[in-house]
2 protein chains.
Amino acid sequence: MDFFENQRKRIQAFLRDYLEKKARELGQVNPWGRDACDRLAAFTLGGKMIRGALTALSARMYGFSDPSETLKAGAAIELLQSAFLIHDDIMDGDETRRGEPSLFYQYQRWGEKRRFSDPLLFGQSMGICVGDIAFFLLIDILSGLEVPPAIRQRITGLCAGEIAATCTAQMQDVHWGYSEEPEEEQDILNLYVHKTGRYTFGLPLSVGAILAGQPEETLGTLQRLGERLGIVFQIKDDELGLYGSEEEIGKPVGSDLGEGKKTLFMHYLFKEASLDEREKLKRISASGKVGSSDLNYVRGLLDAHGIGERIGKTLSRYAEEARILIDSLDGTVERYRTALKELLEYLLERRS
Amino acid sequence: MDFFENQRKRIQAFLRDYLEKKARELGQVNPWGRDACDRLAAFTLGGKMIRGALTALSARMYGFSDPSETLKAGAAIELLQSAFLIHDDIMDGDETRRGEPSLFYQYQRWGEKRRFSDPLLFGQSMGICVGDIAFFLLIDILSGLEVPPAIRQRITGLCAGEIAATCTAQMQDVHWGYSEEPEEEQDILNLYVHKTGRYTFGLPLSVGAILAGQPEETLGTLQRLGERLGIVFQIKDDELGLYGSEEEIGKPVGSDLGEGKKTLFMHYLFKEASLDEREKLKRISASGKVGSSDLNYVRGLLDAHGIGERIGKTLSRYAEEARILIDSLDGTVERYRTALKELLEYLLERRS
């Protein structure tokens with residue numbers, strides 16, 4: 001994972017400079033311009049930056065080695081991640097992210113101190129704006145890519161389509177958080193693919209490949225790989241949300257549970273649970289915030305019904321499909337294919 | 001205003017087809033993809049589309065006459081307007097827009113019918129997503145412009161910067177809605193320029209000029225013109241918000257007042273009001289929703305302190321500056337300069 005760590009540092013350095021420049025520019029509109037960019041910098045620089053690094057990995061895997069342009073593209077992908085998380089935290093009412101107050105909640109507290117009439121709406125509103133700004137800073141970076149125009153156009157067009165698709169998946173995730181409609185396993189996996197897989201893996205891999213001048217067919221394979229990696233990533237995310245430590249995952253354990261998120265864990269459990277257990281699970285899902293006794297109850301049920309094992313099998317199946325797809329990537333530099341496999345192993349083992 | 005009406009019909013036709021195509025594409029992610037595009041179409045097609053038409057006007061004024069590409073650019077600008085309004089209505093808690101339920105409120109009511117635990121947050125969340133989708137559909141359209149690459153790049157880059165600046169201004173508008181800090185007249189005019197003028201006038205005029213291959217200097221003049229038009233437009237907007245009819249403006253009269261918006265009307269009034277009057281005005285500004293007796297009280301005070309006349313003078317000054325700037329637009333087609341002046345007169349007289 002040295003490659004990823006190295007890329008993270010480069011992207012951090014780029015974004016620090018870039019966001020300082022933008023803080024000065026937008027600061028000319030009014031002082032909130034600097035405030036937004038400073039908070040965006042603090043938030044974005046704290047990320048693992050796997051998505052951004054993946055762009056560089058993919059570009060190099062296909063033989064493209066212009067570090068400055070892969071860096072810009074990776075930084076744009078990281079700003080996308082920030083924009084999504086900022087808006088998502090508003091939707092989920094999540095007050096903690098990466099161990100710090102989430103962005104809208106920073107503003108909410110600021111408004112509380114000043115006794116604003118509706119600090120929550122104030123915080124949400126400012127968070128919507130900062131997320132929107134992040135979206136257009138990423139477009140600003142992409143529009144400044146110094147690559148052949150046709151490549152810049154492909155990257156911008158792909159990003160637009162993939163981001164719109166991710167937002168569409170997010171709508172379903174929001175809806176499911178409120179509804180009790182039963183879903184098929186396939187519906188949940190479909191959500192994982194579109195909500196997580198596309199923008200986390202398929203998009204960065206594809207952007208890297210486009211930088212390297214790869215044709216559309218290549219992108220198809222990378223999208224399929226991204227779907228598998230996305231499923232693995234999201235299942236592990238769900239697992240950490242149930243079994244991780246707050247310190248490591250940077251937000252309260254069990255928060256997804258209280259928000260009624262339809263995870264594969266809960267889906268499997270629901271199918272196996274008795275009527276009484278289901279009723280209790282529904283109550284917990286609608287509770288907003290989950291205490292330790294509820295969390296322990298759910299963990300106990302998951303254990304009793306052997307859900308962990310079943311999840312493990314699903315995880316292994318998609319991981320194996322991903323490995324096969326990585327091996328099938330023709331005409332790529334082996335070193336970076338190996339790094340991609342290391343990433344997969346990391347995704348399977350990560351604790352944060 | 002025939003030119004504008006004609007352009008509106010064309011942009012409507014383009015957007016109807018485009019959003020139907022996107023509804024099919026995003027509908028493949030899940031059914032919310034179609035839902036989002038259908039609501040976006042219903043919302044966007046109901047607009048006056050002055051911004052989109054202005055792009056075409058500017059392009060023709062500078063001698064560019066490719067109707068298909070000016071149409072796309074204009075349609076992109078209209079999607080931008082939709083995205084802003086959708087997010088703004090969430091921030092302001094405005095339940096009505098263009099005489100219909102605002103977009104987040106449509107979802108809120110949908111959630112209320114289904115007895116969701118937090119229909120407001122459900123509505124806000126879905127609204128955030130649809131606004132985000134609209135942002136990236138506009139980028140999708142821009143990335144598909146069939147114009148020389150350097151022109152496409154300039155347009156995309158300009159849009160990114162102008163949208164980020166508008167969001168920054170929106171942050172200030174949100175903050176002022178909660179705070180009682182006194183502002184200088186210049187601060188309010190500055191907000192009008194950045195929140196309204198840039199994206200409503202400066203940006204569409206500049207995009208048209210870029211399509212026609214105009215250099216950066218031209219854009220500087222158009223931005224200055226846009227600032228004046230923006231001030232005129234926003235002051236009239238404030239006036240209609242106080243004196244218009246709900247039927248014509250499509251939202252409750254006095255809603256800005258209850259949201260504590262810092263308008264030039266209220267700024268002038270505050271400076272002139274007695275201590276007692278100020279206290280009452282502050283109470284009204286913090287009330288959320290304003291009844292007819294409060295509205296009549298404010299109108300009475302505005303009258304008593306001669307604020308209407310003073311506003312009229314400010315309006316005339318900026319309108320005159322705009323006229324002079326329009327006359328100074330070198331090397332342009334006179335017919336379209338005339339249309340621009342007609343637009344200015346329309347802005348001064350509009351009732352909706």
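Author: An axis is a line fitted to C-alpha atoms, for helices over the stretch in contact, and angles between N-to-C directions run from 0 to 180 degrees. Helices (H or I, at least four residues) and strands (E, at least two) are DSSP runs, numbered from the N terminus. The model is predicted: local features need pLDDT of at least 70, side-chain atom pairs count only at pLDDT 80 or more, and totals for chains, interfaces and linings use all residues. Residues are numbered from 1 along each chain as its sequence is written, chains are lettered from A and ligands numbered from 1 in the order in which they are written, and side-chain values use heavy atoms, with hydrogens and water left out.

Reader: Are H6(A) and H6(B) roughly parallel or roughly antiparallel?

Author: H6(A) and helix H6 (residues 119-143) of chain B pack at an angle of about 20 degrees, and their axes are 12 Å apart. Angles under 35 degrees count as roughly parallel, over 145 as roughly antiparallel, 65 to 115 as roughly perpendicular and the rest as oblique. H6(A) and H6(B) are therefore roughly parallel.

Reader: How many nonpolar residues does the contact of H6(A) with H6(B) have?

Author: Contact means heavy atoms within 4.5 Å, and the residues that make it include Leu121(A), Ile128(A) and Phe135(A) of H6(A) and Leu121(B), Ile128(B) and Phe135(B) of H6(B). Ala, Val, Leu, Ile, Met, Phe, Trp, Tyr, Cys and Pro count as nonpolar, Asp, Glu, Lys and Arg as charged, and the others, Gly among them, as polar. Beside two polar and two charged residues, the number of nonpolar ones is 10.

Reader: How far apart are the axes of H4(A) and H7(A)?

Author: Leu80(A), Phe84(A), Asp88(A) and Met91(A) in H4(A) meet Ile163(A), Thr166(A), Cys167(A), Gln170(A) and Val174(A) in H7(A). By class, the residues of this contact are six nonpolar, two polar and one charged. H4(A) and H7(A) pack at about 20 degrees, with a distance between their axes of 12 Å.

Reader: Which helix of chain B packs against the buried residues of H5(A)?

Author: A residue is buried under 20% relative accessible area, exposed over 50% and partly exposed in between (1.4 Å probe, protein chains only). In H5(A), residues 103-113, the buried residues are Leu103(A), Phe104(A), Tyr105(A), Tyr107(A), Gln108(A) and Gly111(A). In chain A they pack against helices H2, H4 and H6 and strand S2, and in chain B against helix H7.

Reader: Which residue of chain A does Trp110(B) contact?

Author: Trp110(B) is found in helix H5 of chain B and counts as partly exposed, at 22% relative accessibility. Leaving aside neighbours within four places in sequence, its contacts in chain B are Trp32(B), Arg39(B), Phe116(B) and Phe122(B). The contact of Trp110(B) in chain A is His175(A).

Reader: Is Met49(A) buried or exposed?

Author: Met49(A) lies in the loop between H2 and H3 of chain A. Although Met49(A) is not a glycine, its phi is positive, about 60 degrees. With a relative accessible area of 2%, Met49(A) is buried.

Reader: And is Arg115(B) buried or exposed?

Author: Arg115(B) is found in the loop between H5 and H6 of chain B, with a positive phi near 55 degrees. With a relative accessible area of 76%, Arg115(B) is exposed.

Reader: What is the relative accessibility of Pro204(A)?

Author: Pro204(A) has its place in helix H8 of chain A. Not counting residues up to four places away in sequence, Pro204(A) touches several residues, among them Arg51(A), Leu54(A), Ile77(A) and Tyr199(A). Pro204(A) counts as buried, its relative accessibility being 0%.
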